[in-house]
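Let's take a friendly walk through a protein together. Keep the sequence and the 3D view open as you read.

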Amino acid sequence: MGIQFDAEQSIFKLDTYETTYVIALSREGYAGHVYYGKRLKAMCGKDLLRMEEPPYTPSLHKREKSAFLNVFPMEYPTGGIGDYRESCLDIRNEYGNMGCEIFYRSHRIIKGKPRLKGLPASFGEEGQVETLELLCEDPVLDLEIILSYSVFEKEDIITRNIRIVNKGQKIRRLEKVYSACLDMDNRDYEVITLHGAWARERHIQRNRLVYGKQRVSSGRGETSHQEHPFLALVTPNTTQDTGEVYGMHFVYSGNFIAQAERSQYDQVRMVMGISGEEFCWKLCPGEEFQAPETVLVYSDEGLGKMTRSLHDFYREHMIRSPYKYRKRPVLLNNWEATYFHFDSEKLLDIAREAAANGIEMLVMDDGWFGKRNSDDNSLGDWYVNEEKLTSGLPDLVKKVNEIGLEFGIWFEPEMISPDSELYRTHPDWAFCIPNREPCQSRAQYVLDLSRADVREYAYECVAKILRSAPISYVKWDMNRQLSDMGSSYLKADEQQELFHRYVLGVYELQERLVAEFPDLLLENCSGGGARFDPGMLYYSPQIWCSDNTDAIERLRIQEGTALLYPLSSIGAHVSDCPNHTVGRNTPFETRAHVALAGTFGYELDITKIAEEERNQIAGQVELCHKYQPLMQTGDYYRIASWSEQRPYDCWEVAAKDGSEALVTYVQVLAVPNWHSTNIKISGLDPEAVYILEGTEKTYTGEELMYCGFLVKEQNGDARSCQYHFVQKKTDAI
Ligand code: DGJ
């Protein structure tokens, strides 16, 4: 188990419960990738490195270097020296030349996992994780490069990160520093990535891996609605239960690249890291650069197993919040209820009706500060608008608490409106290129978070409000992508550090926030789900998934999100109909069933909706209380997918001990002249007997898993139902 080193063969073997990762060293000290896959008992030999092979191998001892570099499976390839596949590390010397080559010098194996300075990263106790650090060197550039591998045995996850230390006397310019590489032989791989747009986040896309480079990336300064820092290679015909999957997921919230390259010899190089576009880091003597973490996952039992490994891993080793497994309040957010048009009285009316129906928290969204009655002003002016909140914020919070609800509030701390007191006082606090009018998006500019004074201001604005009243929840929003990357604080040769410095600034702010307010429930958000990434999970246990709250649209969005993220992290609310984004009408029950596969809450004017719908709320809140522990800890199985052209969508969450399972079925489109649908479920005890709650029906676990049960066709579109199977106490059939 864990990490072993065979000194005779110079081989490192990293084992999780079900996977093995093997690294070997060449004579020269190149770290080569030998194997990643199903768990191996014995050390694997180095033959797979093809070190002695033609073509163009003049002799065993005098190999032609470029031919060698073009086939050698590198653990961490470097640029400019003859490996023409994608490099992970491009560095420019004092003469302006780009070239870097690294050689193994020593290693250490550590129980546990060191923290990554300034960055979110997975964590674990000794006994849960072990770390291998390969200490490499570029003797010409006087750089130390530490390749770090952390092995999480139980969750079958290996994480990687890179640290570069300038040991010399010269400035080094890092033009590209990726965080992970996986070189393998192609096996007719297909590539799975997530793509989207605002209100259409994280749709799953799958293509054949062809020759050349296939990538997803972001240059928008945040993870983005458009592409996601995840990439998986799968063997042909991989399903939820069968096939091999190699996944990489990036623990970072800014510009990224995730790329698979099929090369001339039918080898595959999969890389992930901060995008090299518009990135250059000046590394002065004695300084170090820490690249973010990448999560590696392998499954030989299809996508479902990958999903469950990631869910367990993020729950156990990425989310720090005390709310991880704690009961989360059922909240009502006033955004779709009122948008900017509310005052204390309106909020209190909503609160009273919400409390009467079992809701536990009121979240006051955008529009409570400055003179904000629309989205074109006041960001940065974080003082209460007393025309709206007539008796001030502490009084409003007190009254909401007296009604019996907790209170939550919305902020957008990273932004500044051109029409704000803050901008009039500090125009240089916004990103701006000299002599160029910066581009506005949603009528706002971006604060230069590379500056300590700006960070201090942004932090204190949020903290002062939180110190002023018992506020239990913050929604931290971010509603535009970055452009006009100029900082009045950085020197000319540091401007290309700005994208990364911005992300580091966001992390610093959120770190301070969770340290000062450890019991705060923080929900990250970015114009819906543009900053849904593992980095954000380190600070907030839940992230708003999408501004699209339509139950049918959400099926696809939540399917793609749940491919990687635990359901307990997926912000999901029941909203009003016709849906504000797509104009669709769906049954109130279906909206609740879909939102129950996330954090669950409401986003509607409860005083105005139809009574018939309002009357369902108390029961839905009860369902949330009942199922939340299962949703927070259980195993997720994707049973059928509407996005794969089925007329229905279906998923299941099973308790880890097989004691219960909840199946949710959504009939998206009614099909004429159809019969009932057979649904097979997973994760049960085949020997046990299960009762279908609300009926007298019993099934054996094996019956439900191997034969299935029947779901009846319903009359109408967007109909849904839930089936809760509970193990009977006696084990007699
Ligand atoms: C975008 C968020 O996703 C919405 O939920 C809402 O908070 C608005 N911003 C407010 O401006």
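The paragraphs below go from confidence to the ligand, and then to a helix and some strands.

This is a predicted model, in which local features need pLDDT of at least 70, side-chain atom pairs count only at pLDDT 80 or more, and totals for chains, interfaces and linings use all residues. Residues are numbered from 1 along each chain as its sequence is written, and side-chain values use heavy atoms, with hydrogens and water left out. The score pLDDT is the predictor's confidence in each residue, from 0 to 100. Here the protein averages a pLDDT of 96, and 98% of the residues score at least 70. Helices (H or I, at least four residues) and strands (E, at least two) are DSSP runs, numbered from the N terminus. Among these elements, strand 20 (residues 293-299) has the highest mean pLDDT, 99, while helix 1 (residues 65-69) has the lowest, 85. Where pLDDT is low, the predicted coordinates should not be read in detail.

Now find the ligand. Look at Asp547: an N or O atom of its side chain is 2.4 Å from an oxygen atom of the ligand. For Lys475, a polar side-chain atom lies 2.7 Å from a ligand oxygen. The side chain of Asn479 has an N or O atom 3.4 Å from a nitrogen atom of the ligand. The protein covers 98% of the 300 Å² of accessible area that the ligand has on its own (areas come from the Shrake-Rupley method with a 1.4 Å probe).

Why is helix 11 (residues 588-595) described as largely enclosed by the rest of the structure? Seven of its eight residues are buried, so the helix is largely enclosed. Buried means under 20% relative accessible area, with a 1.4 Å probe and protein chains only. Phe588 and Arg591 are among the buried residues of helix 11.

Nine strands form an open sheet with parallel pairing, in the order 29-28-27-26-23-22-21-31-30. Two strands pair if DSSP finds at least two bridges between them; strand 22 (residues 361-364) and strand 23 (residues 406-411) have four. Val363 stands opposite Gly408 in strand 23.

How values were computed. A polar contact is a pair of N or O atoms within 3.5 Å; within protein, one must be able to donate a hydrogen and the other to accept it, and residues adjacent in sequence count only if both atoms are side-chain atoms. Buried means under 20% relative accessible area, exposed over 50%, partly exposed in between (1.4 Å probe, protein chains only).
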